[in-house]
Amino acid sequence: MTLLRDHELAHAFDHASRTYDRLTALNPGYRTDLLRSARRLRLPHDGAGLHLLDLGCGTGASTRALLRVAPRARITAVDASSGMLRQAQAKAWPDGVRFLHLSAEDLATAGEGPFDAVFAAYLFRNVTDPDGVLRTVRTLLRPGGRLAVHEYSLGGSPAHRALWTAVCRGLIIPGGTLTGDRDLYDHLWRSVLDFDTADDFTDRLARAGFADARALPLAGWQTGITHTFVARNGSAAPATRTTPGTAATPAPAVEAGR
């Protein structure tokens with residue numbers, strides 16, 4: 001089977017959206033790890049005055065993680081799957097959170113931003129042109145703005161590949177088969193094996209112009225399988241926020257991740 005891409009992948013997520021939360025709930029640490037990655041953005045002052053982008057929000061688990069670490073921020077959450085987005089929108093959210101039906105590729109011309117930080121969970125191995133999406137993210141981020149990518153990206157050891165394959169064949173793909181979504185979860189297995197290792201994705205971030213890029217491990221069974229990648233927009237221009245009729249003022253700093 002070839003990997004699912006673009007509209008085909010969005011359609012598969014549409015179909016799986018009704019059972020997606022139940023299946024991810026079976027993954028020990030799924031929501032805890034998202035929260036840990038969101039915290040690695042090190043957003044100051046509970047996010048007061050910041051505009052954040054949740055890129056590939058799915059059913060809203062990553063949005064909820066961002067909201068927990070930055071309850072005073074404005075959050076724009078986008079996803080290419082209308083079904084996943086409906087599940088997210090059906091949940092209770094404060095006024096500062098809004099959802100948009102957009103692909104990562106469409107953001108470049110959607111008139112959104114700028115953003116003080118971007119959070120992208122389980123996104124980059126699913127896009128056709130990850131380098132192009134990284135370029136888009138850089139144009140949307142304020143100078144010095146932070147990026148955190150939470151992604152299945154193997155550490156490079158044969159043991160990591162073997163463990164991922166065992167988990168997928170023993171649990172994830174059978175579970176997806178029961179819900180009628182085998183193609184999506186087969187794609188999940190293969191997309192992780194096909195995607196960058198942690199070192200390779202860190203290098204990809206650096207080539208895209210992000211500064212201080214590094215991969216941080218996550219605890220539990222996913223050690224060596226899932227990582228948080230943190231980086232900042234390396235643009236040298238001073239960060240400013242301008243509103244009509246006012247002078248430009250410095251945008252709040254976003255602290256380095258750990």
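The following legends describe close-up views of a predicted model.

**View 1. Packing of helix H6 against helix H7.** Helix H6 spans residues 158-178 and helix H7 spans residues 182-194. Their axes come within 8 Å and cross at roughly 170 degrees. Because angles over 145 degrees count as roughly antiparallel, H6 is roughly antiparallel to H7.

**View 2. Residues in the contact of H6 with H7.** From H6, the contact is made by Arg161, Trp164, Thr165, Cys168, Arg169, Ile172, Ile173, Gly176 and Thr177. H7 contributes Arg182, Tyr185, Asp186, Leu188, Trp189, Val192 and Leu193. By residue class, the contact divides into 9 nonpolar, 3 polar and 4 charged. Cys168, one of the H6 residues in this contact, has a relative accessibility of 0% and therefore counts as buried.

View 3. With a relative accessible area of 0%, threonine 63 is buried, since the cut-off for buried is under 20%. Leaving aside neighbours within four places in sequence, threonine 63 is in contact with Asp54, Cys57, Ile75, Ala77, Trp93, Val97 and Phe99.

View 4. A disulfide is a covalent bond between the sulfur atoms of two cysteines. With a cut-off of 2.5 Å between cysteine sulfur atoms, the model has a count of 0 disulfides.

How values were computed. Residues numbered from 1 in each chain as written. Predicted model: local features only at pLDDT ≥ 70, side-chain atom pairs only at ≥ 80, totals over all residues. Heavy atoms only, no water. Axes fitted to C-alpha atoms, helices over the stretch in contact; angles between N-to-C directions. Helix = DSSP H or I, 4+ residues; strand = E, 2+ residues; numbered from the N terminus. Parallel < 35°, antiparallel > 145°, perpendicular 65-115°, else oblique. Contact = heavy atoms within 4.5 Å. Nonpolar A, V, L, I, M, F, W, Y, C, P; charged D, E, K, R; others polar. Buried < 20%, exposed > 50% of the residue type's maximum accessible area, 1.4 Å probe, protein only.
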